[in-house]
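Subject: Structure handover

Hello,

Here is the structure I promised you. Please open it next to this message. My notes follow below.

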Amino acid sequence: MRDAAPQTFYLRDYTPYPFEVESVHLTFRLAATATRVISKIAFTPKGTGAALEMHGEMLDLKWAKIDGQGVSPEITETGLSVTAPDAPFVWECEVEISPETNTALEGLYMSNGMYCTQCEAEGFRKITYYPDRPDVMSVFTVRIESDLPVLLSNGNKGVQGEGFAEWHDPWPKPAYLFALVAGALVNHPDRFTTASGREVTLNIWVRDGDLQKCAFGMDALKRSMRWDEEVYGREYDLDIFNIVAVDDFNMGAMENKGLNIFNSSAVLASPETSTDMNFERIEAIIAHEYFHNWTGNRITCRDWFQLCLKEGLTVFRDAQFTSDMRSASVKRIEDARDLRARQYPEDNGPLSHPVRPESFQEINNFYTATIYEKGSEVIGMLKRLVGDEAYGKALDLYFDRHDGHACTIEDWLQVFEDATGRDLSQFKLWYSQSGTPRVTCDSSFADGTYTLTFTQMTRPTPGQDTKDPKVIPIAVGLLNRDTGAEVVPTQILEMTEATQSFSFDGLTVEPVPSLLRDFSAPIILETQQSAEDQAFLLAHDTDAFTRWDAGRDLAWMSLLALAQPGTATHNDAPYLEGIRAVVTDRNLEPAFRAQILSLPSQSEIAGLIHDMGSTPDPDAIYQAVETLRNRMAEALQDDLASLYGENQVAGPYSPDAVAAGKRALAGAMLSLTTRRDGGVLAAEQYARADNMTLQLGALSQLIQAGKGADEVAAFYAQWKTDRLVIDKWFGLQIAGAAPERAVNIAQSLVAHPDFALTNPNRFRSVIGAFGTHHAGFHAADGTGYGFIADWLIQLDAKNPQTTARMSTLFQSFRRYDETRQSHARAALERIAGTRDLSRDTSEMVARLLGG
């Protein structure tokens, strides 16, 4: 392996950098394989006697000077060290780098002839020598020299002329927020007037041919800017805001100050090429990256252990934005579904880690659902506990007190303590303890008093065998068992002990409890509620989330019985009758009715079976889902045609929430109809589709029905020049494959001439799609594990970051039978034994094998 004893970094070892960086001047002389970077950095020592140590990797140092005098630093694979004066001084150096051969997509690299950067978390050290850590903040001035027509960097425009451009960012920032783009680009321009009346120039820069896909992104940006002013009082602070679309990008987007760089899939959209889900995702990501301007850029994190400080808060803010732009109740359901499907398995497996980790070897491996989504849920709980007014007061104090600072979780919680007078020492456990709390609830009713007794526990996780009780806000309402009316409206019960009871007096009959309303805490709630009570909640609950969750619980009962032959039979009628009543209720929004029809993922079903002490069978789970969906189609057979017809959207396509909700419900009807007609209606929809939501939805159903070979070929012929649409084409064929054919289809797709190992989007569209095909990936003969291992080994030599993240597909292999476990372990050991395996992937595989 490349690093036999990789270094582990610990939160407890943090020490401040011994120098202030007063200013940074960078000159880039761009050349594909021989870019020269000349740096001039003004340092001021904070004390005496400290050596100047800076990070640097894969740099060819040409010369170095301190105060104009040549120096010879000690250079290692990770940086340099040199004796420094005890007074202010200027460091200068010139290095050479090769963007064209940088397939890791970190630092400065090339994408289809365009120069671009990705510096978070530690990419800047691949550009030049620098203290590449988030608590070192400075003002940057950049000069770019190239004959390319568009030369961009952070901040405001400076002097520009033939063959060069200068940029100056007046706001101090850490190096991870540095950005540079150079290429033959065209722009979609606009302007925004801030609340204080200042004019801001806006641009979305794209390759020629993509201009028609920019309008929605620009509209989303302007709505984000206005929302942040109105809700958080945060104005934009530069003269210009640029977004650039890049095809080769490891993540969704990057919030570089004034120059956001986006994966093309996260900004480009048109009705013909993008689905409703694409539009909603783009809207959320643009908002997220823009909101980082204050929660991430103006106030950043002291060290990478505090990553959740900027990401959790910004995810929470973008969720608020989406709730305001669309349906708050549907957004909450979507967030709960996502957390349960992605973060709960992470939190309860070998990759479990706290929202604020105590240690890491490679920080790129901690851009996780725990940091982002659970981090957001922690902030949501804090807001529930202190209330909206106190939350607003605390955020104002946070911005006022810490603008321009690199902060910690302690700084964040302190502003809430100061603003509210609350002691948050116990609440802080949400940041330090890993694992998902499991809360059981028992109830009793006597003499007009209804009592709920909750007990919490969190299972041991790697490195944490014992857990202390957390503060858990549990939103509860009580419903009249006869009428469905609320007898006790929503209350927040603040659980602080391992076991705690809450009583409600003055009731005449025993109520039906509505628990964890609005998904008030990221916990696993276990109750003794009967199928009759769950059906009652599905029919009557006034809280959208708990109503949806009651339907989900009824689905669980059916699926568990179907997936475990030999267990007690289960009556599906309460579930099927319940969802029919909801889906046919025209007073409910279509998007919510579509959510009611969603089922748990096959991986989630496997997890619950494992939690119950049994061994899940992926093939049996697949058949269980198919059987229940067929029963759903039968139960709704008299309503399918009318619901499909009345939710068709007339007129030009619009991605607005109302129209998208109607298409979602119509799409759910099409899915169930296909199980009855074999794809006749789907073929008709495909033929008349005038937008990608309808076209892709129809094609998906045809593939799942085992039909549509002509349509699959026609779709490719129509869209073969559109890289983002072809990503969809690749993924759809795997998602709709029968388990016994999944690996063969995946193997045929990686042999397709349009498959590209080095493009993260294309790699994820095939390898990632196969890894989430539950029964195919977990094939009993191990071919699924072997297929993924083969491709991760190939990718690691070129792009360690994407490889390491994709290795998480193996995180739940211990759920399954010994034969499957043996195959998975062999695949992981083969990856681990690969010569020169990257530090990123090495750490992940070691955790997966050792968990």
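Two strands count as paired if DSSP finds at least two bridges between them. By that rule, strand S11 (residues 114-118) pairs with S16 over two bridges, in the antiparallel sense. Note that the model is a predicted one.

Strand S16 comes up again. Strand S13 (residues 150-153) also runs antiparallel to S16, and four bridges link the pair. Look at Val181 in S16. Val181 is the bridge partner of Cys116. Val181 is the bridge partner of Leu152 as well.

Now the side chains of S16, which covers residues 180-183. Leu180 and Ala182 point one way, Val181 and Gly183 the other. All are buried. In a regular strand, side chains alternate between the two faces of the sheet.

Next, helix H11 (residues 573-583). Its buried residues are Tyr575, Leu576, Gly578, Ile579, Val582 and Val583. Viewed down the axis of H11, they fall within an arc of 165°, so they line one face of the helix. An α-helix has 3.6 residues a turn, so residues three or four places apart point the same way.

What do the buried residues of H11 pack against? Their partners are helices H9 (531-540), H10 (544-563), H12 (590-596), H14 (618-635), H15 (640-646) and H16 (657-677).

Last, a loop residue. Thr408 sits between strand S24 (406-407) and helix H7 (409-420). Is Thr408 buried or exposed? Its relative accessible area is 8%, and buried means under 20%, so Thr408 is buried. Leaving aside neighbours within four places in sequence, Thr408 is in contact with Arg302, Gln306 and Leu309.

Best wishes

Note on methods. Residues are numbered from 1 along each chain as its sequence is written. This is a predicted model: local features need pLDDT of at least 70, side-chain atom pairs count only at pLDDT 80 or more; totals for chains, interfaces and linings use all residues. Side-chain values use heavy atoms; hydrogens and water are left out. Buried means under 20% relative accessible area, exposed over 50%, partly exposed in between (1.4 Å probe, protein chains only). The arc is that of the directions from the helix axis to the C-beta atoms. Contact means heavy atoms within 4.5 Å.
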